[in-house]
Amino acid sequence: MASNRIIPPSEPRGPQPADRATAQKDLQQRQEHKLRSSLRAGAGAEVILAVIAVLAACYFAKIVMITLLVSVLIAFTLEPVVTFLGRWRLPRSAAAILAVLLLCGVVWAGSYFFYNRAISFVHQLPKYSQKIRGKLSHITMQTREIKNTTQKILPGEAAQNNKAVPVKVESSGSDFFTKGLGTITEVLAAIAFVPFLVYFMLSWQEHARTKTVQLFQAENRTTAYVTLGQISLMIRSFIAGNFIIGLFMSAVSMAVFGFLGLPYFYFLGIISGFLSLMPYLGVVLGAIPPLAAGIGILKGTGMIIIVLTVLGLHLFSMNVLYPKVIGKRLQLNPLVVTISLLVWGWIWGALGLILAVPVMGVIKIICDHVTSLRQFGEWMGE
């Protein structure tokens, strides 16, 4: 007799088509994630290698880089003069050469003036030598007392130091002269190039800017044009702002130094005022010239007034004047400024401390307008 029992269908073995599609999609997403991570890591490594390569190039070609950057700053400084002369219907090339000649004349006159003041100041130092010796004799006596006390406490080491055989290292004077002459020759050659570079930067400004924009692809030329414009505005505001702030600090310094009776107070005021413009280090550099001139002339109160004046002017300019005059165009956080001073000071020396802030300002503007570098620009900002 046939059975009426219903046999259920057997369950399918293996994944269903929908499950296989989901698994393939998940696998594809994981692979895309790994690929993006690899590309991101590779891009980060390329950026690091590029930064190292650029810093190495700046270190080994520092004279060339400094010459170019100084010429750029001078060209931006003279641009208003060229524009003013252009209003008199002078060709741009003629206006540029007149501006360069005017700059050379101002530099020569300033060098002549400050050189004569420096020579006169050095000639006046013997008059104060007795007072300076009296101030330094107290420090010398304290140093001798510390040395004698150390020898009493550590007689063994003192005896060993007395038994030590002095070694005198002699260097060839000709080698030193040759090295020094080579360095001086390079610096003089770089300085000789500056007027020519400034002239060509001024006379060929529009051509250079147009051709620079055309180096980029058509879809990126607008961004490149805007970026170059913002860099120009930043450099101009940086130069003009520093000059105005430097004049203000020099005027106040000259008034205070003249009231204290420092010799050549106008000479010291200008030096101290413009040295104080350097971020962080400006307090020390701006206080050294008046303090050195005040040794043997001023007492403790006068020295304290000099330190407080330089410190107060530096803090006021960096925290009040600097943000209002330059801060709109140059928005760098203090950490970036400090790191830039350290790095560029190590690479380019004293001039690196002067060029560090505008260089980092240019880098930040470029990062702000490049999509892949925008995060670095945000990190560098305030």
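## Cysteines, fold and helix packing

Cysteine 367 is buried, with a relative accessible area of 8%; buried means under 20% relative accessible area, exposed over 50%, and partly exposed in between, for a 1.4 Å probe and protein chains only. Cysteine 104 is partly exposed, at a relative accessible area of 38%. A disulfide is taken as a pair of cysteine sulfur atoms within 2.5 Å, and by this rule the count is zero disulfides.

The model is predicted: local features need pLDDT of at least 70 and side-chain atom pairs count only at pLDDT 80 or more, while totals for chains, interfaces and linings use all residues. Residues are numbered from 1 along each chain as its sequence is written, and side-chain values use heavy atoms, with hydrogens and water left out.

### Overall fold

The chain has 14 helices and zero strands, where helices (H or I, at least four residues) and strands (E, at least two) are DSSP runs numbered from the N terminus. In sequence order the pattern reads α-α-α-α-α-α-α-α-α-α-α-α-α-α. Of the 382 residues in the chain, 27% are buried. Contact means heavy atoms within 4.5 Å. Among contacts between residues at least 6 apart in sequence, 69% join residues at least 24 apart.

### Helix pairs

Axes are lines fitted to C-alpha atoms, for helices over the stretch in contact, and angles run from 0 to 180 degrees between N-to-C directions.

| Helix pair | Axis separation | Angle |
|---|---|---|
| H7 (residues 205-214) and H8 | within 8 Å | roughly 140° |
| H10 (residues 282-294) and H11 (residues 300-325) | within 9 Å | roughly 155° |
| H12 (residues 334-348) and H13 (residues 350-369) | 7 Å | about 135° |

Angles under 35 degrees count as roughly parallel, over 145 as roughly antiparallel, 65 to 115 as roughly perpendicular, and the rest as oblique. The axes of H10 and H11 cross at roughly 155°, which makes H10 roughly antiparallel to H11. The crossing of H10 and H11 is right-handed; a crossing is right-handed if the near helix is turned clockwise from the far one by less than a right angle, and left-handed if anticlockwise. On the H10 side, the contact is made by Gly282, Val283, Gly286, Ala287, Pro290, Leu291 and Gly294. H11 contributes Met303, Ile306, Val307, Val310, Leu311 and His314. By class, the contact of H10 with H11 has nine nonpolar, four polar and no charged residues. In this scheme Ala, Val, Leu, Ile, Met, Phe, Trp, Tyr, Cys and Pro count as nonpolar, Asp, Glu, Lys and Arg as charged, and the others, Gly among them, as polar.

H7 and H8 are oblique to each other, and H7 passes H8 in a right-handed crossing. In H7, Gln205, Arg209, Thr212, Val213 and Gln214 meet Arg221, Tyr225, Leu228, Gly229 and Arg236 of H8. This contact of H7 with H8 has three nonpolar, four polar and three charged residues.

H12 and H13 are likewise oblique to each other, and the crossing of H12 past H13 is right-handed. The H12 residues are Val336, Val337, Ser340, Leu341, Trp344, Gly345 and Trp348. They meet Ala350, Leu351, Gly352, Leu353, Leu355, Ala356, Val357, Val359 and Met360 in H13. The residues of the contact of H12 with H13 divide into 13 nonpolar, three polar and no charged.

### Individual residues

Methionine 303 is found in helix H11. Its C-alpha atom is 6.5 Å from that of leucine 291, which is 12 residues away in sequence. Leaving aside neighbours within four places in sequence, methionine 303 is in contact with Leu291, Gly294, Ile295 and Leu298. Two of these partners, Leu291 and Gly294, also take part in the contact from the H10 side.

Serine 250 belongs to helix H8 (residues 221-260). Serine 250 is buried, with a relative accessible area of 2%. Beyond its neighbours within four places in sequence, serine 250 is in contact with Gly269, Ile270, Gly273 and Phe274.

Glycine 381 lies in the segment after helix H14 (374-380) and counts as buried at 11% relative accessibility. Glycine 381 and asparagine 333 are 48 residues apart along the chain, and their C-alpha atoms are separated by 5.4 Å. Not counting residues up to four places away in sequence, glycine 381 touches Gln331, Asn333 and Lys364.
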